[in-house]
Amino acid sequence: MAYDDLRSFLRALEREGDLKRIKVEVDPYLEIGEIVDRVQKAKGPALLFENVKGSSMPLAMNVFGTERRLAKALGLKSPDDISEKIAGLLRPELPQGFTGFRDAFGKLASMAHVPPRNVKDAPVQEVVLTGDDVDLDRLPALFTWPLDGGSFFNLGLTHTKDPDTGIRNLGLYRLQRHDKRTIGMHWQIHKDSRNHAAVAARRGEKLPVAIAFGCPPAVTYAATAPLPGDIDEYLFAGFVAGERVRMVDCKTVPLQVPADAEVVLEGWLEPGEMLPEGPFGDHTGFYTPQEPFPALRIDCVTMRRRPLLQSIVVGRPPTEDGPLGKFTERFFLPLLKVIIPDIVDYDLPEAGGFHNCVIVSIDKKYPKHAQKVMHAIWGAHMMSLTKLIIVVDSDCDVHDYHEVAWRAFGNVDYSRDLTVVEGPVDHLDHASYQQFWGGKAGIDATRKLPEEGYTRDGGWPEMVSSDPATAERVTRRWKEYGL
């Protein structure tokens, strides 16, 4: 089973020697970021900073910094555990598209261990601060990179709901601390919370917002998953964790938050309230520029009696984003196969930020099959933001980048096998010549068929490989050779 809250998981990591307590005073201005970036790139332990300058709250960092730790947090041996459960769920009825995806998850509502359950008493509401007692300076926000525009909370889980439908959304967005009562909401153009704010503004209403820190690990993971807007992240969190998430009503806004979180901020977003946000050294490895984003006034803070905060450091990969992205890649393979059944396997390289590049293998059956798959990916929900698609044959291991490069470098006539299109790109993309859309490319690195115009004598050549009988004999005699 997954861990019920953050602190129980940290205790488990400490028992295993996979958590390091930093007892000396450390500065959230640049110093913590430098420490964490070095540790996470070395695949080091989770960190608990007990003495953060300017704050009485301990700060947990690099908690999900390795795939082993993230699997442990979610109660899994590997992400394939959930992939197999999802595949089994979808397989009997073969639902089509995201409607089928939604319906399949909807079936889980009858399973007692999945839907969230409401409670009245919650650890996260042991302390309640309102009005002038609200002081965000008490929370350790990070100034991570030299050209950042201020201090940020990087792992606050933002809760909103659609004013028209009442459907809630759980999202992960960076939060700039403007002053002791105000934070900037970096809601990118493709995000559901931004749409909720737009609907509220159109109706002339304030939008209720709640931001939770230090949530149960399955909830934190669910906030990072690119789920369609009408799928409840808490249903998904319960599915991943194998148990229901405990939820409690907020004190001042009509929303619910995890009862076992560490800290919650509550406020109402006024239509049109904007402040300059950024620059910020983002997960792209580049600074994103300053732009106007909604400014949320915090009216209430609830917390545990002795709370701790959790955050992450993003920047040039590898970072803590890596394990989170890889788990999403594995979890969503069976769902992607429902939408695009041609796919055998796929890989989202961390170096591509998990959305800039997709490597996909197919069992090629007809001319231009690879191009069909490219366009299907560009039409599949958030996969539409993909900038580069590399299609290889099913006998290629998409996770072996050397093998993929060998195919892409050697199997391609770039005058014929390169597809270039235009379409939406990520809000944070700095390479597109204008914001929000740009050029994309697909590389067909599969074997070419005569029907595709490959008419050279003998057809597509065979790959070099060992004689099976000889290879088996050499393996059997290897010790004899003294090698």
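Which residue in S2 does Ile22 stand opposite? I looked this up in a predicted model, and the residue is Phe49.

**Entry 1: S1 and S2.** I then followed the pairing around that position. Strand S1 (residues 19–22) runs parallel to S2, and four bridges join the two. Between S1 and S2 the chain passes through helix H2 (residues 31–41), and I noted this β-α-β crossover as right-handed.

**Entry 2: S2 and S3.** I checked the pairing of S2 with strand S3 (residues 59–61). These two run antiparallel and are joined by three bridges. Leu47 has Met61 of S3 opposite.

**Entry 3: the faces of S2.** Are the side chains of S2 (residues 46–49) buried or exposed? I found Ala46 and Leu48 buried on one side, and Leu47 and Phe49 buried on the other, so both faces of the strand are covered. In a regular strand, side chains alternate between the two faces of the sheet.

**Entry 4: the annotated stretch.** I looked up the UniProt record, an unreviewed entry, which places "domain: 3-octaprenyl-4-hydroxybenzoate carboxy-lyase-like N-terminal" at residues 11–84. Over residues 11–84 I noted 38% helix and 15% strand, with the end C-alpha atoms 29 Å apart.

**Entry 5: the whole protein.** I counted 13 helices and 24 strands. Of the 483 residues, 55% count as buried. I also looked at contacts between residues at least 6 apart in sequence: 71% of them join residues at least 24 apart. The accessible surface comes to about 21,500 Å², and carbon and sulfur atoms account for 53% of that.

Terms used
Residues numbered from 1 in each chain as written. Predicted model: local features only at pLDDT ≥ 70, side-chain atom pairs only at ≥ 80, totals over all residues. Heavy atoms only, no water. Buried < 20%, exposed > 50% of the residue type's maximum accessible area, 1.4 Å probe, protein only. Pairing = 2+ DSSP bridges. Right-handed = clockwise from strand over helix to strand, strands pointing away. UniProt positions renumbered as here; feature names shortened; annotations may be inferred. Contact = heavy atoms within 4.5 Å. Areas by Shrake-Rupley, 256 points an atom, 1.4 Å probe, with all protein chains shown as cover.
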